[in-house]
Amino acid sequence: MAQTLKLEIVTPESTVYSEEVNMVTLPGKEGTLGILPQHIPLMTQVTAGEISVRKENEHHHLAIGDGFVQVTPEKVSVMTDMAVREENIDEDKAEEARRKAEERLQEKLSDEELATVKAALAQSVAQLNLKRRRRNG
Amino acid sequence: MPSTRDIRRRIKSVKNTSQITKAMQMVAASKMRRAQQQALAGRPYAELMNEVLAEVTAGASDFSHPLMEPSGEGKKRALIVVSTDKGLCGALNSNLLREAGKADRDQTVFISAGRKAAQYLARTKRELLAEFSYKDSPEFAEARAISKLAQELFLKGEVSGVDILFTNFVTTLNQHPEIKPFLPVAEITGIKAGVEGSSSQQELKEGSQDFLFEPDAGSVLAELLPHYLNYQMYQILLESKASEHSARMVAMKNATDNANQLIKDLTLEYNKLRQAMITNELLEITSAAMALG
């Protein structure tokens, strides 16, 4: 039995993560999902939040935006608007983005703009939460 | 026989032209690099999306979405033509619009993206439903607008299907027009031009696995399909832009090379003429001196 599964995290800009790992924890729409190798095929949505990866003895953390996940026994494919590795998160920038998004929420927006701004807000909050929690914990 | 002054004037004007084409070449080259990078970076996402959708739709055989069902029977098909805004990019638009011209004019309605397509369709008096424009670095919102209109038309049953005609980016020297089915989703084959330049098409493969959907197939597909279509449209805009800038850079490079060659030829002719004149003058002086002597 395969002890690893391939995790692929892809955004429109690039492939952020592509490695063999032991376990993945995803922020599913219906709650957190822990995926181990040989999971049954599953298709679901993810919300902005944090992906934790266990690879041998290492742990990786990434902040992601909204998107979709496809799970097969050997592979987990995550398609999302944004994905940043923990070490690459720029806290000041994220904070700035959060502030801007909150400001824009006060303005009058069309449905589409509102959805875009809300997504941007969720993304920056996800980055900030990950960074802060990792520092404190 | 042109005088030396004529030739000098000509050289000057060709030089000016070559400076302009050279500048345009530089601009196109830097834009090309960005556009190519964007298009290539977007491909893994588009491919993964394709793959996922192929497997999922095959795995969710008992479920269907209006976007996957044939609709508007007997109605015309819509063709979205994605062209450039400006010319001076070689044969790019002519190749593209030749393909557009092949479409049966009684059975097709057109949607244009980019000014050249709109002009062509108006000139040939085709049925033009909507005109869109997109910026130099396409934005997702622009793609979403086009894709949304296409989806609405299709869902209302006003068209029986939607195709997209665009210029697929293969390499800097090679782009070709391609027609790609857009709606209904069941007809879709992937846009997968490899980095190597081969534009192999990835068929919707039969899924061997039955997928579990969370929360359920209906709501996941209802989110996934529109997003998929919007993203496809976005990727197509990126590909078109990459093609445009590549074609423009090559066309401008050729123009600059031609201008330089022309300058070289003209300079040679000018020098020949100048020398002939000097020889003539000398001849006149010596013969005059001999006549006097």
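Q: How many residue pairs are in polar contact between domain 1 of chain A and domain 2 of chain A?
A: Let's start inside chain A, keeping in mind that this is a predicted model. Chain A is divided into domain 1, residues 5–86, and domain 2, residues 89–136. With both residues at pLDDT 80 or more, the number of pairs in polar contact between these domains is four.

Q: Which strand of chain A gives the most to the side of domain 1 of chain A that touches domain 2 of chain A?
A: The count of polar contacts between the two domains is four residue pairs. Strand 6 (49–55), strand 7 (58–64) and strand 10 (83–85) of chain A are the elements giving two or more residues to this side of domain 1. With four residues, the top contributor is strand 7 of chain A.

Q: Which residue's side chain meets that of Glu50(A) in a salt bridge?
A: Across the interface of domain 1 and domain 2 of chain A, the rule finds one salt bridge. A salt bridge calls for a Lys or Arg side-chain nitrogen within 4 Å of a carboxyl oxygen of Asp or Glu. At 2.1 Å, N to O, Glu50(A) is within that limit, and its partner is Arg133(A).

Q: What share of the area buried by domain 1 of chain A is lost by Glu50(A), Met82(A) and Glu86(A) together?
A: Domain 1 and domain 2 of chain A bury about 950 Å² between them, with 59% of it on carbon and sulfur atoms. On the domain 1 side, Glu50(A), Met82(A) and Glu86(A) lose the most area to domain 2, together 48%.

Q: Which residue of chain B does Thr44(A) stand opposite?
A: Strand 5 of chain A and strand 6 of chain B, residues 212–214, run parallel and are joined by three bridges. In strand 6 of chain B, the residue opposite Thr44(A) is Glu214(B).

Q: Which helix gives the most to the side of domain 1 of chain B that touches domain 2 of chain B?
A: Chain B is divided into domain 1 (4–24 + 250–285) and domain 2 (27–248). The area buried between these domains is about 560 Å², of which carbon and sulfur atoms give 61%. Helix 1 (4–59) and helix 5 (217–292) of chain B each supply at least two residues of this side of domain 1. With three residues, the one giving the most is helix 5 of chain B.

Note on methods: Residues numbered from 1 in each chain as written. Chains lettered and ligands numbered in written order. Predicted model: local features only at pLDDT ≥ 70, side-chain atom pairs only at ≥ 80, totals over all residues. Heavy atoms only, no water. Pairing = 2+ DSSP bridges. Domains from an automatic or database assignment. Buried area = accessible area lost by both parts, 1.4 Å probe. Polar contact = N/O pair within 3.5 Å; in protein donor to acceptor, adjacent residues only side chain to side chain.
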